[in-house]
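Colleague: Could you walk me through this structure, one feature at a time? I am new to it and would like to learn how to read it.

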Amino acid sequence: MNNIYRKLSFRKPCLFLLSFIFISINLLAQSQRAIVKGKTFDSLSTTPLSFSGIRIFKSQEKKLETESVANEAGNFSVELNYGRYYAQVDFMGYKPFKTAEFIVSKEHAVHDLGIIRLAPSVNTLQEVVVQAEKSFMQLSLDKKIFTVGKDLANAGGSASDILTNIPSVSVDPEGNVKLRGSDNVRILVDGKPSGLVSFKGGSGLQQLQGSMIDRVEIITNPSARYEAEGMAGIINIVLKKDKRQGFNGSFELTTGYPTNFGGAANLNYRHKKVNFFINYGIAYRKQPAVGSLYQEVYGKDTTSILKQTNNGRITGFSNNIRGGLDYYFNENSILTASYLFRRSDANRITDIRYEDYINTTSNLTGISTRRQDEDEVEPNSEYALNYKKSFGQKGHELIAEVKYLDNWESSQQLYTQRFFLPNGSENISKGILQKSPNDEYEKQWLLQVDYIKPIGKEGKFETGLRSSFRNMENDYLVTEKNASGNFVPLPGLDNDFFYDEKISAAYGILGNKSKKISYQAGLRAEWTDVKTTLAETHQVNPRTYMNFFPSAHFTVDLAKQNAIQLSYSRRVRRPVYNDLSPYMTFSDSRNFSSGNPDLNPEFSNVFEIGHIKYFDRGTFSSSVYYRSTKGKIDRIRMVNAAGNSTTRPENLLSEKAFGTEFTSGYNPFKWWKLDFNFNFFHADIDGSNILKSYKASTYSWFARQTSRFMFAKNFDMQIRGNYEAPQKTAQGKRKALYYFDFSSSKDIFKGNGTLTFNVLDVFNSRRSRSITTGPNFYSEGFGQFRRRQINLTLNYRIKQSKQVKKAAATEE
C-alpha cells in the first residue's frame with residue numbers, strides 16, 4: 001500500500017506539469033497576426049510607467065480595436081489584424097499620448113512605436129501631491145511587486161507588520177517569516193543583505209518603521225544573478241528614495257493601543273547633479289504576549305504532567321535613520337553613498353508559572369514561578385557606496401557596490417525562580433537567582449560587481465562577482481548566586497563562540513528572444529568557508545565547500561496579453577550563526593533552545609511554471625511549483641525523563657513539496673478593488689534518520705483576500721481576511737491560524753494629508769497552536785505574541801517648489 005501511495009504522490013506533480021504544458025501548446029497553436037510594440041516612460045524622471053494602458057483605434061472609424069496593459073518595465077506588445085491604426089497611451093496623473101497613424105500588413109507585420117514619453121498633467125504640476133496611482137499589487141512572471149503605501153493596513157506598522165499583509169508571505173506570531181509555507185527564505189534590503197535581518201532573523205524587522213519602506217518584491221525562483229541562499233525564494237524590501245528635482249517629502253505620526261507611538265520623516269532634495277535623501281523613524285511600543293504549554297512525559301510506571309503559562313511584555317524604543325546622496329556626473333554615471341543607523345532599546349519581562357502533576361491533573365506535586373527581566377541594547381550601522389555606469393547602448397550597464405555592516409547587541413538578564421508546595425506555602429531554601437550578561441557582535445564586508453551587455457536586438461549577457469566576509473562573536477555567561485551570596489558561573493554556560501564566514505561567487509547569464517519566445521540560462525558558482533570556534537573549550541569546526549547553482553527561464557508571450565514561463569533553479573540554505581551557536585536560551589528553565597554546531601547545508605531543486613494574464617480591469621497570475629530538498633533543516637524537540645525539553649535544528653533526510661498558487665487583482669467597479677491570493681501545497685517530510693516515526697505527509701493551504709472600497713470625498717475602506725490551514729510536521733502538526741483586519745482612510749488638508757485608522761486582528765484570533773510528540777512525550781502549545789492592535793496614523797505630504805513646477809512645465 002505504501003508503494004502505491006508513493007507512486008501516486010510522485011504522479012501528482014507530474015500531472016500538474018503535463019496539464020500545464022498541454023494547455024500551453026494549445027495556446028501556441030493560435031494563429032499569428034501583426035504585432036505593435038513599444039515602451040512607456042515618465043518624461044521627467046525617465047522611469048518606466050508600469051502597467052500603463054494601451055488602446056489601439058482604427059484610423060477611419062476611430063473605433064477601439066483592442067487594448068492592453070504595459071508590463072512592469074513599461075514594455076507592451078499588442079496583437080491585431082492587418083490595417084491602419086493609431087494608438088493612445090494613458091496613465092493616471094499623466095497627459096494621454098496619441099501616436100501618428102501606422103499601417104501593419106503581411107509585409108510589415110511588426111510595428112515598433114519606440115519609446116513613448118508621457119508628460120505629467122497640468123493638475124499634477126500645480127498640485128504635486130496628485131501623483132500617478134500605483135497599484136498595490138503589480139504582477140509579472142519573475143516577481144511580484146507590492147507598493148506599501150497603497151495598503152491601508154500598513155499605516156503605523158513595522159516592516160514585520162507589512163510582510164504580514166503581503167500575498168505568498170506569512171509571519172508567525174513570533175515574527176518568523178515564511179514564503180509559500182517555507183521558512184527558508186532570503187530577506188534582502190535594497191537588494192543586499194542588511195543588519196536589519198541579522199541576529200534575530202526576520203523578527204528583527206519589527207524594529208524597522210514601515211513608513212520607511214517603498215515596496216516589497218517577491219521572487220519565488222531567482223536567476224543566477226541572485227545569491228543562491230533561500231530555498232523558497234527572495235523577499236526584497238526596497239526603502240524610499242525619490243529622485244525628482246526640487247524638494248519633496250512626507251511626515252507621519254502614529255498612536256495606537258496597545259501602546260504604539262511613532263513618527264517618521266522622508267525627505268528628498270535634488271538640485272541639478274546632486275540628490276539628497278533622508279529617512280527617519282522613531283517608535284515606542286509595548287507588546288503584551290501570552291502562551292501556554294501542556295505536556296505529558298511517560299515513564300516506566302508514571303506519567304509526569306506539566307501545565308505551564310507564560311505572560312510577558314516587551315517595552316521597546318527604537319530609532320532608524322537612513323541618509324545619503326546621489327551624485328550625477330551625468331545621467332549615465334551615478335555615484336550613491338548612504339548610511340543607515342538603527343538603535344533599539346528594549347526591556348522584556350516574562351513571568352512563567354509551572355504546575356507539576358503525577359498521573360492526573362488532580363494530583364498536584366509542586367508549583368514554581370520564574371521571572372525573566374532583560375534589558376537589551378542593539379545598535380546597527382550600515383555603510384554603502386554604489387556606482388552605476390550606463391553606456392551608449394540601452395541596457396548596457398556596469399554596477400559596483402561596497403557595503404560594510406557593523407552590528408552589536410548587548411543584554412543583561414536577571415532570572416528569579418521561586419518554589420511552592422502544593423498547599424501554596426513557599427520553599428524559600430530552593431529559591432534561585434541567576435544573571436546572564438550576553439554580548440554579540442557582527443561585522444561584514446560585501447563587495448559586488450555586475451555587468452550587463454545587450455546582444456543583438458533582444459539578447460543580453462550578464463556576469464558578476466561577489467565576495468562576503470562576515471565575523472560574529474557571542475560572549476555568553478550564566479551565573480548563579482550561591483549560599484555565600486556570590487554569583488558563580490554555571491558549568492558549561494561560560495564560553496566565547498566565534499563564527500567566521502567567507503563566501504565568494506561568480507555568475508554568468510545568457511538570454512535572448514525570438515519573436516514571442518524568450519529564454520535565459522545561467523550558472524552561479526559559490527565557494528563557502530565557514531569556521532566555528534568555542535574558545536574556552538577549544539572546539540573548532542571548519543567547513544569548506546564549493547557548489548554550482550544553475551538556473552533557467554523560458555518564457556512564451558501568448559495571444560491576448562497572456563504569457564507563460566517555465567523556470568528552474570538550484571538553491572541552498574546554509575546554517576547561519578543562530579543555527580550553529582550551541583548556547584541555550586535560559587529564560588525558560590524547563591524548555592531550552594539552541595543551535596547545532598554539526599549542522600550541514602540543505603540543497604533544493606526548484607521547478608516552477610507560471611502563467612500571467614493582463615486584462616482591462618486587473619491581472620491574474622497562476623503557478624505550479626515543485627521543490628525537492630535534501631538535508632532539510634528543521635527544529636526537533638526532545639524531552640528527557642525529568643520533563644525538560646531541548647529544541648535544536650537537525651538535518652532531516654529530505655522534503656518533497658509541490659503546490660499551486662493563484663494571485664489576482666481585479667476592479668469590478670471604479671469604487672471597488674479586489675486582491676486575492678491562494679496557495680495549496682503538499683509535502684512529504686522524511687526525518688527517519690532522527691527517529692523512524694518522524695515522517696509526515698501533509699496537505700495544507702492558505703488564502704488571503706482584500707477588498708478596498710473607494711467612496712466619495714476621498715474616503716477609503718479596506719477589509720482583509722487571512723486563513724492558514726492546519727499542517728502536519730515531522731513531530732506533530734500546526735493548527736489553523738486565522739485573523740481579520742479593518743482599515744479606513746480620509747484625505748485631509750486639501751489632499752496634502754491622509755488620516756488612516758486600522759484594527760489589525762479584529763477578533764484577537766491570531767494565535768499559534770501546535771501539537772508535538774516524541775517517543776516519551778506529548779505536548780500542546782499555544783502562543784500569541786502580537787495582540788489585537790488599533791492604530792491612528794496621520795501622513796502629511798510636502799508640495800514641490802515653484803521652481804520645480806516651472807522646470808517641469810518647461811521640460812514638458
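Modeller: Gladly! Let us begin with a cut-off: a residue is called buried when its relative accessible area is under 20%, and exposed when that area is over 50%. Keep in mind that this is a predicted model. Arg590 has a relative accessible area of 15%, so Arg590 is buried.

Colleague: Which side chain does Arg590 meet in a salt bridge?

Modeller: The partner is Asp356, with 2.7 Å from N to O. This pair links distant parts of the chain, 234 residues apart: Arg590 sits in the loop between helix H4 (577-580) and S29, while Asp356 belongs to strand S20.

Colleague: Are Glu227 and Arg466 buried or exposed?

Modeller: Use the cut-off again. Glu227 has 10% relative accessibility, so it counts as buried. Arg466 is also at 10% and therefore counts as buried. Now take the salt bridge between Asp351 and Arg371, at 2.7 Å from N to O. Here Asp351 is partly exposed, with a relative accessible area of 30%, and Arg371 counts as partly exposed at 38%.

Colleague: Let us turn to the nonpolar residues. How should I think about a core?

Modeller: In soluble globular proteins, nonpolar side chains tend to be buried together. In this model, the largest nonpolar core has 20 residues, and those that touch the most other members are Leu163, Val169, Val177, Ile213, Val216, Ile218 and Ile235. Two or more residues each come from helix H3 (159-164), strand S11 (169-171), strand S12 (177-179), S13, strand S14 (213-219) and S15. A second, separate core of 18 residues includes Ile54, Ile56, Ala70 and Leu80.

Colleague: What is Val216 in contact with, leaving aside its neighbours within four places in sequence?

Modeller: Its contacts include Phe146, Ile162, Leu163, Ile235 and Asn236.

Colleague: And how do I read strand pairing?

Modeller: S13 and strand S15 (residues 233-239) pair in the parallel sense over five bridges, with Val189 opposite Ile237 in S15. Strand S13 (residues 185-189) is mostly covered, as four of its five residues are buried. For an antiparallel case, follow S32 and strand S33 (residues 645-651), which are joined by seven bridges; Asp634 has Glu650 in S33 as its bridge partner.

Colleague: What is the strand order in the open sheet of three strands?

Modeller: The order is S29-S33-S32, with mixed pairing. Strand S29 (591-593) and strand S32 (633-639) are the edge strands, each pairing on one side only.

Colleague: Last topic: the backbone. Where does the cis peptide bond lie?

Modeller: This bond joins Tyr257 and Pro258, with omega about -5°. Pro258 is in the loop between strand S16 (246-257) and strand S17 (260-271). Also look at His538, a residue other than glycine with a positive phi, near 55°. The place of His538 is the loop between strand S26 (517-534) and strand S27 (539-558), and at 67% relative accessibility His538 counts as exposed.

Notes:
Residues numbered from 1 in each chain as written. Predicted model: local features only at pLDDT ≥ 70, side-chain atom pairs only at ≥ 80, totals over all residues. Heavy atoms only, no water. Buried < 20%, exposed > 50% of the residue type's maximum accessible area, 1.4 Å probe, protein only. Pairing = 2+ DSSP bridges. Core = buried A, V, L, I, M, F, W, Y, C linked by side-chain atoms within 4.5 Å. Contact = heavy atoms within 4.5 Å. Salt bridge = Lys/Arg side-chain N within 4 Å of Asp/Glu carboxyl O.
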